[in-house]
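Let us walk through this structure together, one part at a time. Keep the sequence and the 3D view open as you read.

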Amino acid sequence: MNGPFDFTLALGDDALVAAQRLGEWATRAPEMEEDIALANIALDQLGAARLLLSYAGELEGAGRDEDALAYLRDDREFRNCLLVELPNGDFAVTMVKLLLLSAYQVPLYTALAGCPDERLAAIGAKARKESAYHLDHSALWVKRLGDGTDESHRRAQAALDQLWPYHHELFAADPAAPVDPATLRAGFDAVVQPVLAEATLTRPETGWTPGGGRDGVHTEHLSFLLAEMQVLHRAHPGARW
Amino acid sequence: MYGNDFAPEQDAPGGGLLGQVEAAEAALREAAARAREGSPTPGADPAAYFADVIDADQKIEPRDWMPDAYRRTLVRQIAQHAHSEIIGMQPEGNWISRAPSLKRKAILLAKVQDEAGHGLYLYAAAETLGVSRDELVELLLDGRQKYSSIFNYPTLTWADVGAIGWLVDGAAIVNQVPLCRCSYGPYARAMIRVCKEESFHQRQGYEILHTLAHGTPAQQAMAQDALDRWWYPSLAMFGPPDGDSTHSAQSMAWKIKRFSNDELRQRFVDMCVQQAEVLGLRIPDPDLRWNDERQAYDFTQPDYDELMRVISGEGPCNRQRMEHRRRAHADGAWVREAATAYAAKRAGRTRAADQREKVAA
């Protein structure tokens with residue numbers, strides 16, 4: 001990555017793809033309160049995505065707005081991390097994924113709020129508060145699942161084992177970016193470790209560290225997600241909605 | 001909340017209805033301020049007291065005496081209303097992942113979230129009558145309680161999301177505005193809140209159709225097709241014609257219902273005709289025309305045999321909607337059990353810590 005455009009686009013894509021996955025839960029959550037909470041978090045992520053993509057479009061200066069960037073790029077042009085595009089799986093997979101994502105987004109947006117770029121600073125200041133709620137919500141559920149029943153513990157540990165390798169990509173160094181992701185690692189660890197301990201979950205050893213999302217080299221899941229997300233928009237070129 | 005980014009009022013459909021909601025809310029506040037004679041004097045006839053409250057257009061509250069049949073009718077009606085909100089999330093939820101712009105996606109997500117919230121208010125209102133939400137959800141999942149027939153129709157195109165907002169939410173509001181004045185306090189208060197949000201959704205749906213109807217030829221055709229498919233199912237939402245409606249007379253006497261099915265249906269048709277003209281869409285009824293004598297539109301009645309088939313489980317999506325709801329409930333069982341087990345462990349630990357403190361002290 002280089003430059004504020006790539007950086008802004010990558011953060012916008014993280015939020016957009018996360019929102020798309022969370023939106024898939026609507027009407028499927030384990031209880032009605034959770035349907036509301038997941039829709040709420042999806043809306044926050046989508047709101048952040050819209051601000052970031054709109055600004056990325058302005059930085060690029062090629063006339064692309066939020067919808068052109070969301071609906072008219074292919075998967076090789078998306079810059080989101082792999083973590084957010086992985087399928088929802090069961091509720092434990094979704095909550096562990098949200099814990100990892102929000103434990104990264106809270107220090108990220110906090111740092112962004114203090115960066116010299118005024119637009120990014122304003123977006124960071126707004127999104128930071130929302131991410132703090134996402135972190136509280138996912139941390140509470142990871143504790144409930146980890147320290148709940150044998151079945152929920154087993155599922156939560158399996159989710160953590162499955163997703164842990166993907167979090168390394170979030171902290172790949174990028175000294176030229178407005179916020180170097182490598183500097184966020186300590187903040188992430190300080191939040192995640194106590195949650196895992198309270199949840200009686202074992203942190204996996206570092207082994208395989210998949211990556212490539214920031215270069216547009218994704219898992220096989222993303223192009224299906226985009227096919228669904230973009231189908232109607234692409235079927236009516238130039239239409240207003 | 002997202003989705004609030006609309007120009008205010010202007011050609012807001014159903015604007016007059018919102019005025020009625022405001023009036024009902026003001027009346028509710030006045031009734032609360034106008035201290036009731038208090039509860040019935042000891043030894044007085046509770047049935048006479050109940051009748052007085054109804055006559056005086058005051059509100060029955062959860063701890064008041066009420067006839068068993070009044071309680072049962074309300075439980076059934078409020079629960080079915082709640083179930084409708086929950087099942088009603090599905091046809092629209094079907095388009096969240098494919099919404100054609102990020103703004104529309106945000107608005108739709110917020111709407112589906114509001115519906116879950118309406119379901120919660122309504123279950124809470126039903127619980128004031130002494131039945132638990134879990135019991136009511138069981139009744140829904142077992143197929144022993146119904147939800148609105150309209151949600152058994154499929155959303156086949158994006159325009160259907162607009163048609164649901166305009167027509168289905170529109171019909172719901174026409175139905176629910178009088179319930180803002182119904183005799184049972186918790187239900188009336190829930191309806192005031194629901195109607196305000198529904199009228200907002202209706203305007204959003206209308207805006208979706210307006211944009212499509214003024215868009216490309218393919219979009220216009222999509223909008224007309226949606227109206228063609230949703231018009232009669234929406235008219236059928238008001239229930240069977242007055243002659244066949246089983247619960248009407250008693251509900252009217254108790255001031256739970258305030259207008260008959262046919263009166264509300266007429267009000268809805270009269271409201272829609274002008275709006276369809278502004279949209280530039282054609283209501284699919286060749287016999288629709290103004291009747292000067294009645295000062296209302298004549299229109300073709302919906303097919304009530306079809307309504308009965310849909311209510312009895314043979315609509316296009318009945319099985320799918322129930323299967324979806326049952327699966328979500330079953331798939332979430334281990335999560336709810338985990339939450340219960342975790343809460344019990346926490347409570348146990350707190351008790352143990354309290355005891356240690358006592359021993360130490």
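Within chain B, 18 residues of domain 1 are in contact with nine residues of domain 2, where contact means heavy atoms within 4.5 Å. Domain 1 of chain B covers residues 17-315 and domain 2 covers 317-360; such bounds come from an automatic or database domain assignment. This is a predicted model, in which local features need pLDDT of at least 70 and side-chain atom pairs count only at pLDDT 80 or more, while totals for chains, interfaces and linings use all residues. Residues are numbered from 1 along each chain as its sequence is written, chains are lettered from A and ligands numbered from 1 in the order in which they are written, and side-chain values use heavy atoms, with hydrogens and water left out.

The C-alpha centres of these two domains of chain B lie 33 Å apart. The size of an interface is often given as the accessible area lost when the parts come together. Here the two domains of chain B bury about 1100 Å² between them, with 53% of it on carbon and sulfur atoms; buried area is the accessible area (1.4 Å probe) that two parts lose on being put together, summed over both. B:Gln90, B:Leu141 and B:Asn152 supply 46% of the area that domain 1 of chain B buries against domain 2 of chain B, more than any other three residues.

What kinds of polar pairing does the rule find between domain 1 and domain 2 of chain B? There are eight residue pairs in polar contact, both residues at pLDDT 80 or more. A polar contact is a pair of N or O atoms within 3.5 Å; within protein, one must be able to donate a hydrogen and the other to accept it, and residues adjacent in sequence count only if both atoms are side-chain atoms. The count of salt bridges between these domains is zero, a salt bridge being a side-chain nitrogen of Lys or Arg within 4 Å of a carboxyl oxygen of Asp or Glu.

Now turn to where the two chains meet. Chain B brings 50 residues to the contact and chain A brings 51 residues. The area buried between chain B and chain A is about 4300 Å², and carbon and sulfur atoms give 66% of it. Four salt bridges are found across this interface. B:Lys345 forms a salt bridge with A:Asp147, their closest N and O atoms being 3.1 Å apart. Helix 5 of chain B gives the most to the side of chain B that touches chain A, with 13 residues; helices (H or I, at least four residues) are DSSP runs, numbered from the N terminus.

Finally, look at B:Pro233, which lies in helix 9 of chain B. B:Pro233 is buried, with a relative accessible area of 9%; buried means under 20% relative accessible area, exposed over 50%, and partly exposed in between (1.4 Å probe, protein chains only). B:Pro233 touches B:Ile150 and B:Tyr153, not counting residues up to four places away in sequence.

Methods: Helix = DSSP H or I, 4+ residues; strand = E, 2+ residues; numbered from the N terminus.
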